[in-house]
Amino acid sequence: MSSVMGVKIFKLSELIGRSTPFAGAFSLFSSPSSSLSRPTRNSGAGGEPDKGPRRDAAIPDQKVLKSLSAPALLTGTLTLPANNDDPSSNCVCFQFSDDSATVCCDILAFDLKVIGKKIKILAWNFIPRGSNSGFLEIIRWDFLESSSFSDTFSLFSGSITNSADSERARHFIAGTVEAVSPVSSVSCAGSSTGESSGMKSLRGFLAEMLICECKLCRLTCSTVRLRNSNELSSGHSFNKPIIVYFCGPALIWHPVMTILVGRFVSLSGLKKKMVTIGKEICQMMYVTVEKSLMHISNSPDQFIRVQKSKMRGNGECGSYTGIVTAIYMQGLIVELDGQAMLLLTDRDIILPHSLRVGAVVSLKNVHFVNPRFSWSKFLILGSCIKTSVCVKSFSLLETGCYIKPQHQSLLRKFIDSLTFIARLWVLLVIASFKRKFSGILSIKEILGSKNKKGLAQLYATSHLPNMGHFGNSASMTDVHAAVK
């Protein structure tokens, strides 16, 4: 730790060594942590304002993060997650590093230009994770030094690149990001470039976008750019859905694309591929390759025209913003505003570690279900592979990082096959059985294993004979893709 003009400059290794959660700030005259004030209400997918956080939402008594008693500063570099080919790896967080350590992080007021740049962090929260790691919540930041910024990024290297390379792009698309799938592995046929013709495993994720089909936008030349609002507002209608597959090294862009859901982006240097899903369905996709680029557009998002449907609580997909008031069942149920239950049973969904009690979160592509229970009135928010969760304001409380349970069992597969109302009922049964049979039956006897059903599943199966399957819960890992 060093000091400049009375401001302490901390190293990440010092934060990790403290092993306690705390907040720090460059100026002690402003709150070092985030505020729980009501965020701006935007229109959700239901044609109505999305649910904003209730100011009177009851949060159980929790300790508030302790703040450092003196002005403090962090300096370092924010980067995209490491390109990890390990299928078991589920970490797709931003990384912050200095010359002493590297930690996972989340950042407010994200700007693409921050990637790979030296920054100074003016306010932050630090949450320990285990004995030798931690999670950094970046609240306020600024560039450490002024420099020129490019608006074009390589999807393979994750770095700023020369925009002249995009002149050779084969396919160029521009539109709004509608949904982003989790990162997972699929089986693909070997390419025709000398690789073996057998099947291989390829990691990546899918991004659904809405593009315009006008004559200008159908041109594949990458020199055609929608650079200003006049071009964008002149007869453009973004309503044609297309799929972009970010594969191989491009999968490091997952946290960025998650943040960009609902925003306007442009991509160039893509290839078109016919992908076989299962044994019969063929889907045309755009696929990232070595020269694929992302371009930051100055086009305002208010010109994007999207059809929206009425929300009736019958499974429609929409948006929700609220305060996390409780987390149950080891993270499988997240209570929002004391009136909505977010079900996170989908085994592939990726969630930020900053999803903590007290945080304000924005949910995109969640299914609104009104269970109409006689004993309680609340809303079910069902997640699927299109769901994205972004933290808009970090928690002030001394609560741990969100870590989603990774165990697999027959029970987990059974839950994924049910409707959202039935999923919630089964989770309540599990919680009840754990309390009722504590000290009598082991957890394995209650929950079961990969090969044997437990008591909870046997009971639920006997009481849910007519519950149907819910198609939207299908996992990306169940997709068998072969690139022709």
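Two strands are said to pair if DSSP finds at least two bridges between them, and helices (H or I, at least four residues) and strands (E, at least two) are DSSP runs, numbered from the N terminus. The structure described here is a predicted model, in which local features need pLDDT of at least 70 and side-chain atom pairs count only at pLDDT 80 or more, while totals for chains, interfaces and linings use all residues. Residues are numbered from 1 along each chain as its sequence is written, and side-chain values use heavy atoms, with hydrogens and water left out.

**Strand pairing**

- Strand S5, which covers residues 72–79, pairs in the antiparallel sense with strand S6, residues 94–97, over three bridges, and within these two strands threonine 77 stands opposite serine 97 of S6.
- Strand S6 also pairs in the antiparallel sense with strand S7, residues 102–107, over four bridges, and here phenylalanine 94 stands opposite cysteine 105 in S7.

**Aromatic pairs**

- The structure holds nine aromatic pairs, where rings of Phe, Tyr and Trp (its six-membered ring) pair if their centres lie within 6.5 Å, and planes under 30 degrees apart count as stacked, over 60 as edge-to-face and the rest as tilted.
- The pair of phenylalanine 205 and phenylalanine 246 is stacked, because the ring centres are 4.8 Å apart and the planes are at 10°.
- Phenylalanine 205 belongs to strand S13 (residues 199–212) and phenylalanine 246 to strand S14 (residues 238–247), so this pair ties together parts that are 41 residues apart in sequence.
- Phenylalanine 205 is buried, with a relative accessible area of 0%, and phenylalanine 246 also counts as buried at 0%; buried means under 20% relative accessible area, exposed over 50%, and partly exposed in between (1.4 Å probe, protein chains only).
- Tryptophan 425 and tyrosine 459 form a stacked pair, because their ring centres are 6.2 Å apart and their planes are at 15°.
- This second pair links distant parts of the chain, with tryptophan 425 in helix H6 (residues 420–436) and tyrosine 459 in helix H8 (residues 455–463), 34 residues apart.
- Tryptophan 425 is partly exposed at 29% relative accessibility, and tyrosine 459 is partly exposed with a relative accessible area of 32%.
- Ring pairs join Trp425 and Tyr459 with Phe433 and Phe437 into a cluster.

**A charge over a ring**

- The charged end of arginine 18 sits over the ring of phenylalanine 22, 5.0 Å from its centre, a description that requires NZ of Lys or CZ of Arg to be within 6 Å of the ring centre and within 35 degrees of the ring normal.
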